[in-house]
Amino acid sequence: MRHLSIAAAVGAAILAVAPAVAQTPKKGGIMKFAVVAEPPTIDCHAVSTFAFAHPARAHYSTLLKFKGNWDNLKVVGDLATSWEQSPDGLTYTFKLRDGVKFHDGAPLTSEDVKASYKRIVRPPPGVVSVRRALHADIKQIETPDPLTVVFKLGQPNASMMTHFASPWNCIYRAAKLKEDPKFPEKTILGTGAFEFVEYKKGESWTAKRFDGYFLKDRPYLDGYQAFFVRSTAVAPGIIGGQFDAEFRGRSPAERDQIMNAAKDRMVVVEGPWVTNLMFTFNTERKPFDDVRVRQALTMAVDRWGGAPNLAKISALKYVSGMFRPGYEYGLPESELVKLPGFWKDIEKSRAEARRLLAEAGVSNLKLKFVNRNVPEPYRPGGIFLIDQWRRIGVEAEHSELETKLFFDAMKEGNFDVLMEFISDFADDPSAQFDKFLTPEKSSQSASRHKDKLLDELFDKQARAVDPVERKKLVNQFEIHGLTQAYSAPLLWWQRIVVHHKKIKGWELHPSHFTAHDYVDVWLDE
Amino acid sequence: MLGFLLRRILLVIPTLIGVAVAVFFLIRIVPGDVVVVKLRADGAQVTQDAIDAERKRLGLDKPLAVQFTDYMLGLAVGDLGKSLWTGESVAKEIAIRFPVSFQVAIMATLIAVLIGVPLGILSGLHRESWIDNTVRVLAVSGLAIPGFWLGMLIILMLLAVFNWLPKIGYVSIFEDPVANLTALIWPALSVGYRYAAVVARMMRSALLEVMREDYVRTARAKGVFERLVVRRHAVRNALLPVVTVVGLEFAFLIGGLVVTEQVFNLNGIGKLFVDATTRGDFTLIQGLVLLIATIFVIVNLVVDILYAYLDPRIRLQ
């Protein structure tokens with residue numbers, strides 16, 4: 001007995017000091033996961049929804065892509081092996097991998113990249129390119145040889161590298177586009193790690209490994225199957241074994257429900273999301289044209305105190321300004337806490353809010369607050385806001401609208417305060433600032449303000465190729481925007497993904513639009 | 001009889017035209033833009049000119065009169081148009097989902113008729129007995145319990161007891177009967193229970209009324225066996241209102257199982273209807289409303305034919 005005890009102790013000591021051994025990926029298996037919406041089209045250039053990204057993105061490649069987990073994310077090459085940006089920011093040169101094939105066996109060349117980007121920048125009649133304006137700075141695309149593509153811009157664009165890593169810039173086959181520019185609306189043909197097998201509308205999407213993929217030992221999976229289900233069916237479906245994951249994100253309650261029923265076979269990964277809720281004031285309606293009233297309403301909200309509690313019941317978790325916490329261009333907390341709405345002392349903040357309302361001559365304010373009728377997290381966010389405003393004597397009528405009615409109310413200005421959101425595929429100032437601009441500058445601007453300084457700062461940072469200079473301008477924009485409070489960020493979301501333990505190699509990105517090429521995913525079974 | 005049928009069939013055409021016109025204009029009263037929802041609902045940066053281009057591509061920039069003319073001309077040649085959301089033909093979108101809803105409706109109807117009719121008869125024949133009381137309790141609970149809630153209980157029971165749920169995805173019964181029935185029996189049961197309750201109650205009430213009729217008393221006085229009195233005289237006449245109820249319920253089930261389809265993850269017409277309405281997909285909504293209207297019209301016709309079969313007086317009229 002004494003010998004056994006010593007042996008056990010020695011064994012434990014060895015285990016404690018031994019380095020963790022990385023698992024060797026296993027080949028084979030079909031990954032099954034749920035997607036809670038269906039793609040409206042199968043043309044990558046015409047969508048901006050995870051409903052396409054999750055089942056279909058793996059059929060395609062892009063020039064660059066994001067790699068790593070949310071806390072160490074970086075841009076790496078996908079089709080590109082190397083790239084160069086000219087010092088003036090007007091020329092981007094990419095060297096492409098040799099030996100890349102489309103799923104029909106045709107080799108990929110720079111002409112395919114050129115044709116795909118041309119389709120994005122100057123779509124032929126009848127072709128939808130939803131990100132045309134974002135790529136408008138691309139004036140010319142040259143292909144000096146089959147493995148080199150050169151983009152020439154009309155003016156510098158500080159977000160260009162982010163756009164080249166966009167999951168929506170799928171590379172199509174030039175020959176097919178020449179025959180029929182609408183080819184991608186009908187047929188999936190890419191160079192991704194998985195070939196398309198079948199799409200059963202309303203039910204499922206099936207893919208199989210592409211044996212001719214340009215990374216010789218990838219992918220590991222034999223294939224995958226995505227099931228289109230309602231959000232409420234995800235937790236029972238995972239517990240009941242219908243599928244093994246849902247990659248967009250679940251609420252804390254669903255996470256707990258799944259883990260309570262199946263913790264022996266499930267694992268949770270969590271991190272910040274490039275998605276937030278924010279409330280926007282209609283500055284064409286009094287008294288929201290008065291900065292004091294807007295500041296008062298944002299200063300009434302106890303973000304620091306509310307966040308930990310909201311995080312228990314909803315996706316709302318992080319206090320941050322115009323960017324996801326941790327993003328290098330965002331204001332550090334030490335600066336953020338000086339701005340209206342972000343003071344740590346909520347009582348002092350609310351006292352100041354009441355003073356501002358009195359100074360503005362506003363008492364017994366009643367406002368119409370328009371929200372989306374989406375339970376998670378819009379409803380808890382809305383209820384929280386109404387409660388916080390009540391603490392400074394402001395009453396709100398909570399109007400929850402269907403998505404299309406919500407967008408109609410936004411367009412018609414039929415609100416006093418509107419619950420908006422930011423969600424994009426990457427942290428990028430030009431993307432995140434879009435809703436803070438004037439209506440002349442951005443069609444997504446709901447507040448209808450006329451503050452040209454924000455437009456000017458936006459333009460300057462969008463063209464600033466020097467990261468240090470850009471950061472300065474971005475910080476100025478954020479400080480001015482949060483001070484004027486045309487729109488005020490409420491909280492940033494937490495992304496909670498629950499998946500089967502056997503799924504390895506999947507990365508939790510801060511965006512639910514990326515990490516869906518499944519190249520490195522394998523099943524430990 | 002033939003003349004009656006022809007007249008009824010001809011009446012279908014103006015009925016459906018009226019429905020088509022009404023639904024075209026009623027949908028467009030509801031505010032909302034399908035293109036904005038399609039391109040902006042996920043929060044991505046989409047500019048106004050992309051939205052305008054998509055509206056133009058879908059023909060939504062045309063005057064209403066032009067859209068209406070295109071729609072009616074399309075209907076005249078059997079073209080229901082294309083979904084504004086997916087670009088697929090409306091007929092194809094419906095055809096993909098129709099088999100699921102149709103089969104669940106058939107199965108639920110079979111459950112309702114095979115359980116509801118015999119129980120209703122038993123209950124009617126043994127009025128105020130323990131049989132009658134038991135059937136009435138079951139029937140009332142069937143009417144009180146929402147079908148979707150029963151469906152959720154079934155799901156929870158399958159998970160709790162068997163740690164299992166049926167596979168997602170519709171497989172035709174001719175392809176794989178086991179997989180098909182394993183998946184669809186549960187929604188059919190959850191809907192069929194309430195349906196059976198309705199049928200049982202209707203059967204009981206109708207039978208009690210018929211048993212009091214003079215011709216039943218006469219048949220008994222003539223010495224006809226009770227079993228024959230019930231089967232040949234009473235039940236046959238009591239079935240008339242039951243046939244109407246079964247017909248109407250069946251027609252409703254085709255497009256009305258919205259929540260049940262969500263609970264069981266079925267890719268049916270109800271789910272398609274909800275999605276189309278949420279998105280503001282006018283053309284798809286129009287096609288679905290016409291489908292439901294057509295089904296109701298056909299079911300009413302079948303019910304009328306069954307009436308004529310069951311009641312010779314109607315045939316002679």
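Let's start with two strands of chain A: β13(A), residues 366–372, and β14(A), residues 395–401, are joined by seven bridges and run parallel. Strands here are DSSP runs of E with at least two residues, helices are runs of H or I with at least four, and both are numbered from the N terminus. Two strands pair if DSSP finds at least two bridges between them.

A quick word on the source: this is a predicted model, where local features need pLDDT of at least 70 and side-chain atom pairs count only at pLDDT 80 or more, while totals for chains, interfaces and linings use all residues. Residues are numbered from 1 along each chain as its sequence is written, and chains are lettered from A and ligands numbered from 1 in the order in which they are written.

Back to our strands. Which residue of β14(A) is the bridge partner of A:Lys366? That is A:Glu395. To get from β13(A) to β14(A), the chain passes through helix α13(A), residues 378–390, in a right-handed β-α-β crossover; right-handed means that, with the strands pointing away from the viewer, the path from the first strand over the helix to the second runs clockwise.

On another side, two bridges link β13(A) with β15(A), and these run parallel. There, A:Val370 stands opposite A:Leu418.

Finally, 43 residues of chain A are in contact with 44 of chain B, contact being C-beta atoms, placed from the backbone, within 7 Å. Helix α14(A) gives the largest share of chain A's side, five residues.

Definitions and conventions. Two residues are in contact if their C-beta atoms, placed from the backbone, lie within 7 Å.
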